[in-house]
Amino acid sequence: MSVLESIVDGVLADLAVRRERVPLEELRERAAAAPAALDGVRALRADAEVRVIAEVKRASPSAGLLADIPDAAAMARAYQDGGAAAVSVLTEERRFGGGLADLDAVRAHVRIPVLRKDFVVTRYQVWEARAHGADLVLLIAAALDGPRLPALVAEARAAGLTPLVEVHDAEEIARAVDAGAEVIGVNNRDLRTLRVDRSTFARLVDRMPHTVVRVAESGIRGPEDVAACAAAGADAVLVGTALVRGGRPAEAVRALAAACLP
């Protein structure tokens, strides 16, 4: 069993408990009553500078505990103050130490788009994301075989969300494009093995149409890496570990966002 498969198994076990407490129809009602989602495509499309998606991330399977984050909302506000275009909130519990309470808290305290980052493999999780205030939802191509990827892209749009489809190779890019994804993130980390190859985005970026928002994910350590991603064609970068470990989130985001300015 790959690392990804193991994580998804845990996600499904936790999901079964939540489904017992809150039925899908109730989630749909909450989503319908929520304020309209912010436009994720518009927020992430680069102009003079690369956009930064700053992540609230306590832990990871590859590195273990990363940071003690007692107040996810305070960290997200610091990201916003530093110029982040969006905030990513990890809601996976077992390996990343997140939860839907973080998503609720962040949504209540920032004005920029919020991405629910999790291992979303069911439509229930899509509506759960919208009901808890997300504007974007991560869909990992490697976890969604066959018709499941286009089905969840369509479900996300029906819920009012912008799907960010994550890929790791050329075949997954083709699947994301065929599914109609407008935002595609190339993960430099192979979720099957957790190995990082920082050249992955640069190798694959030309496989994506110029009409999509192109996001570089994982292994971004600082402004030099951001500048390299932007030079390769990234509209945005998603950064977690480097930000939560730095201790000065607003200043760190500001430095990343300014990496490509003259």
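Which helix gives the most to the lining of the second largest cavity? I looked this up and found helix H1 (residues 3-21), with three residues.

**Ground rules.** I am working on a predicted model, where local features need pLDDT of at least 70, side-chain atom pairs count only at pLDDT 80 or more, and totals for chains, interfaces and linings use all residues. Residues are numbered from 1 along each chain as its sequence is written, and side-chain values use heavy atoms, with hydrogens and water left out. I take helices (H or I, at least four residues) and strands (E, at least two) as DSSP runs, numbered from the N terminus.

**Cavities.** I searched the whole structure and got two cavities of 30 Å³ or more. A cavity here is a set of points on a 1 Å grid over the protein atoms alone where a 1.4 Å probe fits but cannot get out, and lining residues have an atom within 4 Å of a point. Points are joined across faces, edges and corners, and the volume is the space filled by probe spheres set on them.

I noted about 50 Å³ for the second largest cavity. Its lining is Val11, Asp14, Arg18, Thr91, Glu92, Glu93, Arg116 and Asp118. By class I have one nonpolar, one polar and six charged residues (Ala, Val, Leu, Ile, Met, Phe, Trp, Tyr, Cys and Pro count as nonpolar, Asp, Glu, Lys and Arg as charged, the others, Gly among them, as polar).

The largest cavity has a volume of about 70 Å³. Its lining residues include Ile140, Glu166, His168, Asn187 and Arg192. I recorded five nonpolar, two polar and five charged residues for this lining.

**Asp135.** I found Asp135 in the loop between helix H6 (123-131) and strand S6 (136-140). Asp135 counts as buried because its relative accessibility is 1% (buried means under 20% relative accessible area, exposed over 50%, partly exposed in between, with a 1.4 Å probe and protein chains only). Its side chain makes a polar contact with the side chain of Arg107 at 2.4 Å, and reaches the backbone nitrogen of Val114 at 2.8 Å. A polar contact is a pair of N or O atoms within 3.5 Å; within protein, one must be able to donate a hydrogen and the other to accept it, and residues adjacent in sequence count only if both atoms are side-chain atoms.

**Helix H12.** I list Pro249, Ala250, Val253, Leu256 and Ala257 as the buried residues of H12 (residues 249-257). They cover an arc of only 130° around the axis, so they lie on the same side of H12 (the arc is that of the directions from the helix axis to the C-beta atoms).

Key
1 Å grid on protein atoms, 1.4 Å probe; cavity = no way out; pocket = protein on both sides within 12 Å on 5 of 7 lines; lining within 4 Å.
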